[in-house]
Amino acid sequence: MNFNKFLPLTETTFYIMLSLVKPSHGYAIMQNVELLSENKVKVAAGTLYGAIEKLLKQKLIRSVESEDKRRKVYVLTDEGKEVLKLETVRMRHLVNISQDVF
């Protein structure tokens, strides 16, 4: 599969996917995005669930069983992990080539 077709990720999608390395539900994802971004990125519920729907269609995340039937829990698929890894490599390259500029 050509994972590069998913790149580059938006900043919000990157944080959401990073939050789904471990299974998580919507509210916890929103909290984790704020934590990871040091409160620079806040995800509204509509934005989050739109991104989740898109990631589900792309098969980059999947829903998993939850003890709490009121909450849907999601986690990265193997494909999602690969896309997240490729995005991290891409961003690391950008940082490396720009270090000498400043």
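Author: The following questions and answers set values against definitions. This is a predicted model, in which local features need pLDDT of at least 70 and side-chain atom pairs count only at pLDDT 80 or more, while totals for chains, interfaces and linings use all residues. Residues are numbered from 1 along each chain as its sequence is written, and side-chain values use heavy atoms, with hydrogens and water left out.

Reader: Why is helix 1 called roughly perpendicular to helix 3?

Author: The axes of helix 1 (residues 11-19) and helix 3 (residues 45-57) come within 11 Å and cross at roughly 75 degrees. Axes are lines fitted to C-alpha atoms, for helices over the stretch in contact, and angles run from 0 to 180 degrees between N-to-C directions. Angles of 65 to 115 degrees count as roughly perpendicular (under 35 is roughly parallel, over 145 roughly antiparallel, the rest oblique). Helix 1 is therefore roughly perpendicular to helix 3.

Reader: What makes the two helices count as being in contact?

Author: Contact means heavy atoms within 4.5 Å. T12, T13, I16 and M17 in helix 1 meet T47, L48, A51 and L55 in helix 3. By class, this contact has five nonpolar, three polar and no charged residues.

Reader: How do you know how helix 2 is oriented to helix 3?

Author: Helix 2 (residues 26-36) packs against helix 3 at an angle of about 105 degrees, with the axes 11 Å apart. Helix 2 is therefore also roughly perpendicular to helix 3. Here G26, Y27, I29 and M30 in helix 2 meet A45, L48, Y49 and I52 in helix 3.

Reader: What makes a set of residues a nonpolar core?

Author: Such a core is a set of buried Ala, Val, Leu, Ile, Met, Phe, Trp, Tyr and Cys residues joined through side-chain atoms within 4.5 Å; buried means under 20% relative accessible area (1.4 Å probe, protein chains only). The largest one has 24 residues, of which I16, M17 and V83 touch the most other members. Leaving aside residues up to four places away in sequence, V83 touches F3, F6, L7, L9, M17 and L60.

Reader: Why do strand 1 and strand 2 stand at the edges of the sheet?

Author: Two strands pair if DSSP finds at least two bridges between them. The open sheet has three strands in the order 1-3-2, with antiparallel pairing. Strand 1 (24-25) and strand 2 (61-64) each have a single partner strand, so one side of each lacks a neighbour in the sheet. Strand 2 and strand 3 pair over four bridges, and V64 has V73 in strand 3 as its bridge partner.

Key: Nonpolar A, V, L, I, M, F, W, Y, C, P; charged D, E, K, R; others polar. Buried < 20%, exposed > 50% of the residue type's maximum accessible area, 1.4 Å probe, protein only.
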